[in-house]
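Thank you all for coming. Please have a look at the sequence and the structure on the screen, and then we will go through a few parts of the fold together.

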Amino acid sequence: MPMSSSESATALKRTVIIAIFAAVAVVLSIVEAQIPLAGMGLMPGAKLGFANIMILTCIYFLRGRDVFVLVILKTLLTAFLLGTLSSLLFSLFGSLFSFIVMFALVKLGGKKFSVIGISIAGGLAHNTGQLLAASFVFNSTSIFYYLPILLITGIVTGIAVGFAVRYVVASLSKISLFEEFLNGPGH
């Protein structure tokens, strides 16, 4: 059955939002890659998770399948521009775990969880997913030695990302393009 013109317009808006969010997420990943975290005492490969700002923001506006497309686009484009096959696998595991946790908390948790709490849970899930991927790739569980430091960094970066998402969602909610999509808690 063909779409009505309003359904077609909504589908186009969703596509535009996903494309914009993917582009911003990739730019944030490129900027983040320029920050020498290993020189600050963090483990090699550690990242601040700035791209998660766009993923969590998208969860507040669009459907799960739209956010899933964003996660895949962001992961593939970032790996293509910055990474290797193993970094693609680590990023994919981390991003998917993070998405699933954050999506479940937003959609099923209602107003029980703050944006910052959801972001922290996403950061922790991302780090756990990456460790699971590394454990698989290296066929070793000794990689979980890094779990405590990754949990601490996941909490810290989750707080920062959560504050940013709170601001971005509030700001985007005032733009007419996003009004019809606003369906998240606390708005």
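This is a predicted model: local features need pLDDT of at least 70, side-chain atom pairs count only at pLDDT 80 or more; totals for chains, interfaces and linings use all residues.

In soluble globular proteins, nonpolar side chains tend to be buried together. The largest nonpolar core here has 31 residues, and the members that touch the most others are Phe-21, Leu-56, Tyr-60 and Phe-61. Two or more residues come from each of H1, H2, H3, H4, H5 and H6, and H2 gives the most, with eight. If we leave out residues up to four places away in sequence, Leu-56 touches Met-102, Val-106, Val-115, Ile-118, Ser-119 and Val-165. Apart from this core lies another, of six residues, including Leu-131 and Ile-143.

Finally, please follow helix H1, residues 5-33, and helix H3, residues 64-82, whose axes come within 9 Å and cross at roughly 35°. The crossing of H1 and H3 is right-handed. Among the residues that make this contact are Phe-21 and Ile-18 of H1, together with Leu-70 and Leu-73 of H3, and by class the contact has 13 nonpolar, two polar and three charged residues.

Notes
Residues are numbered from 1 along each chain as its sequence is written. Side-chain values use heavy atoms; hydrogens and water are left out. Axes are lines fitted to C-alpha atoms, for helices over the stretch in contact, and angles run from 0 to 180 degrees between N-to-C directions. Helices (H or I, at least four residues) and strands (E, at least two) are DSSP runs, numbered from the N terminus. A crossing is left-handed if the near helix is turned anticlockwise from the far one by less than a right angle, and right-handed if clockwise. Contact means heavy atoms within 4.5 Å. Ala, Val, Leu, Ile, Met, Phe, Trp, Tyr, Cys and Pro count as nonpolar, Asp, Glu, Lys and Arg as charged, and the others, Gly among them, as polar. A nonpolar core is a set of buried Ala, Val, Leu, Ile, Met, Phe, Trp, Tyr and Cys residues joined through side-chain atoms within 4.5 Å. Buried means under 20% relative accessible area, exposed over 50%, partly exposed in between (1.4 Å probe, protein chains only).
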